[in-house]
Amino acid sequence: MVLRLGVIGAGLKAADYAKGWAAMPDVKIVASAEVSELSRKRFADTCEAAGALRPAEYDNAETMLAAMQGKMDAVYVSTPHVFHGANALAVIEAGSDLLLEKPMVTTVEEALALVEAEKRTGRTIVIAFQGGLSPLVHDTKNRARRGDFGDLVSVNASIWEGWATNYAGQWKQNPAISGGGFMFDTGAHMMNTVCVLADAEFERLSAYANNRGLAVDLVTAVAGRLSNGALVTFNAAGDGPPGCASAITFFYTKAIVRIDAWGAWREVTINGVAEPREENEIRDTPMQTFQAVRDGRLENPSTVANGLRFARLWDAIKESVAGDGTPVTIQAW
């Protein structure tokens with residue numbers, strides 16, 4: 001069955017994905033909604049270059065959802081972060097399934113609203129975190145739950161990028177629409193993968209951030225405690241040389257597991273014996289996984305429930321940063 005796909009936010013990220021998605025025989029991109037005429041044209045040109053028809057074009061999401069009612073099976077949302085919550089709810093209420101770009105939403109309140117909408121409508125919602133959708137991350141979580149690694153003791157997570165230069169003058173450095181800076185953008189991959197693999201709620205944390213002259217955070221350090229007793233540290237550095245990389249180390253009683261934030265590689269050592277390093281191609285995983293979840297072939301690996309866990313973590317980090325490292329206790333839900 002061909003998936004009829006609409007797109008809200010046809011910017012560079014969506015156009016990059018369209019190179020592969022438009023060429024897939026079981027995906028038909030039928031419409032796009034984007035405020036920028038230049039971006040709409042670029043997105044349509046990308047679809048056409050991949051051998052697909054040019055999608056119908058709309059300059060806002062509301063018009064597209066109304067005009068395409070009953071003509072779309074699902075919608076991919078890739079707008080600036082602060083619009084995710086409203087866009088996601090509009091898609092669900094319009095009767096379409098949803099592939100939502102990371103981070104899911106910007107606040108706990110928006111996350112709770114999406115949790116309620118998912119339960120009420122029964123629509124499929126998958127969050128497009130490469131880490132959350134990575135087979136290596138899925139397998140790591142399953143092995144941890146089976147007890148292969150023993151008990152989780154602590155987590156050390158870091159991520160860096162020349163983000164200050166890469167996105168200078170762009171919307172990601174505008175707090176009014178970004179919802180945060182480097183920690184909430186590239187760092188979101190790190191936080192989400194830790195949320196998935198730690199498999200427990202954050203109970204308490206303290207956080208510091210340094211904007212280094214920008215209007216948003218550029219460097220962030222966090223120390224926290226999980227409900228299972230494990231301790232977690234995050235270090236996000238967005239002011240550096242060209243490039244981008246991450247390393248997350250999970251220390252268990254029987255194993256050490258190293259993995260990157262996107263689930264592209266993994267190194268496992270159990271009882272002192274190292275397994276071969278594994279690498280995984282993650283480029284087209286979001287659409288392939290989304291289809292498998294919709295068809296019932298795969299349990300959703302990147303859920304709204306984990307998005308709520310992430311939102312609670314991010315809200316606590318913001319609160320602690322605002323208090324210059326004041327410890328924050330996160331209430332259970």
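The model is predicted, so local features need pLDDT of at least 70 and side-chain atom pairs count only at pLDDT 80 or more, while totals for chains, interfaces and linings use all residues. Residues are numbered from 1 along each chain as its sequence is written, and side-chain values use heavy atoms, with hydrogens and water left out.

Now follow α7 itself. Helices are DSSP runs (H or I, at least four residues), and strands are runs of E (at least two), numbered from the N terminus. Helix α7 covers residues 135–146, twelve in number. From first C-alpha to last it reaches 16 Å, close to the 16 Å expected at 1.5 Å a residue. That expected span is 1.5 Å times one less than the number of residues.

Which residues of α7 are buried? They are Leu-136, Val-137, Thr-140, Arg-143 and Ala-144. They lie on the same side of α7 because they cover an arc of only 130° around the axis, taken from the directions from the helix axis to the C-beta atoms. Arg-145 and Arg-146 are exposed, on the face turned away from the buried side. Buried means under 20% relative accessible area and exposed over 50%, with partly exposed in between (1.4 Å probe, protein chains only).

After α7 comes Gly-147, with a positive phi near 95°.
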